[in-house]
Amino acid sequence: RQMCIRDRFYYLFIGLMAVAFGSCDENARLARDIQGTWAGTPEHLNDAEAAASTIIETYTFTPDEVNPKAKNGNVTITGNVSATIPMAVNPVSISAAASTSIQGTWTVIDDDEIALVLDFKSLQVKVDPDAVAISNDIFTDQSIPQVDSLRSEVVVNIAAQLRRDVEMRYMAVRQLDDVKIKGPILKFEIADTEYVLTRQGEV
């Protein structure tokens with residue numbers, strides 16, 4: 001009888017170890033497969049009543065520099081932003097393009113979950129001055145020189161607004177849930193919102 005109980009504990013221990021090692025293997029597989037660069041599709045960055053902006057993000061996951069086989073590493077999220085902002089001088093509006101970037105770290109915490117810690121001190125938002133377009137009255141085709149002369153101030157204001165929008169967006173990016181990688185497609189959820197990205201370059 002004692003041998004039987006001992007055997008049961010032995011097999012239970014073996015079973016638990018098998019589950020643990022299996023989980024470790026899945027975590028290691030996810031850590032390996034997530035590495036690389038993944039591009040997303042346009043997402044709403046700001047959809048206010050009058051203003052609107054979208055962002056296309058690219059996630060780049062790199063392994064730990066000291067231990068490439070570790071289940072963690074560094075992440076960089078870059079974005080291309082398109083924005084349309086109305087002005088007090090109706091019907092004038094401004095369209096602009098900007099680039100964003102933020103860095104952080106990633107860690108596999110389960111076979112389908114990745115924790116992200118973003119460094120907001122690394123956040124950069126750069127508005128392309130040459131891509132700032134100011135529309136005027138399309139009916140009278142009147143030019144508005146006083147608006148164009150404020151282009152540099154406009155760029156600064158747009159950059160400040162976009163920075164606030166991006167900060168709000170990334171404050172919610174703490175964990176990638178339900179991560180699935182199938183071929184060149186990466187799917188995950190952030191706060192119950194699903195994202196689909198495509199691998200860039202060679203595996």
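**Aromatic rings and a surface patch**

Reply: In this predicted model, one aromatic cluster is formed by Y59, F61, W106, F188 and Y195. The count of aromatic pairs comes to four.

Me: Why is the pair of F61 and W106 called edge-to-face?

Reply: A pair of aromatic rings is described by the distance of the centres and the angle of the planes. For F61 and W106 the ring centres are 6.2 Å apart and the planes stand at 80°. Pairing requires centres within 6.5 Å, and edge-to-face requires planes over 60 degrees apart. Both conditions hold, so the pair is edge-to-face.

Me: Where in the chain do F61 and W106 lie?

Reply: F61 belongs to strand 3 (residues 52–63) and W106 to strand 5 (residues 93–110).

Me: What makes F188 and Y195 a stacked pair?

Reply: Their ring centres are 5.7 Å apart, with the planes at 25°. Planes under 30 degrees apart count as stacked, so this pair is stacked. F188 and Y195 are both buried.

Me: How do you know whether M168 is buried or exposed?

Reply: The relative accessible area of M168 is 61%. Exposed means over 50%, so M168 is exposed. M168 lies in helix 3 (residues 151–171).

Me: Which residues make the nonpolar surface patch?

Reply: F120, M168 and M171 make this patch, which has an area of about 310 Å².

Terms used: Residues numbered from 1 in each chain as written. Predicted model: local features only at pLDDT ≥ 70, side-chain atom pairs only at ≥ 80, totals over all residues. Heavy atoms only, no water. Patch = residues over 30% accessible without salt bridge, like charges linked within 9 Å, V, L, I, M, F, W, Y side chains within 5 Å. Areas by Shrake-Rupley, 256 points an atom, 1.4 Å probe, with all protein chains shown as cover. Salt bridge = Lys/Arg side-chain N within 4 Å of Asp/Glu carboxyl O. Helix = DSSP H or I, 4+ residues; strand = E, 2+ residues; numbered from the N terminus. Buried < 20%, exposed > 50% of the residue type's maximum accessible area, 1.4 Å probe, protein only. Phe/Tyr/Trp six-rings, centres within 6.5 Å; stacked < 30°, edge-to-face > 60°.
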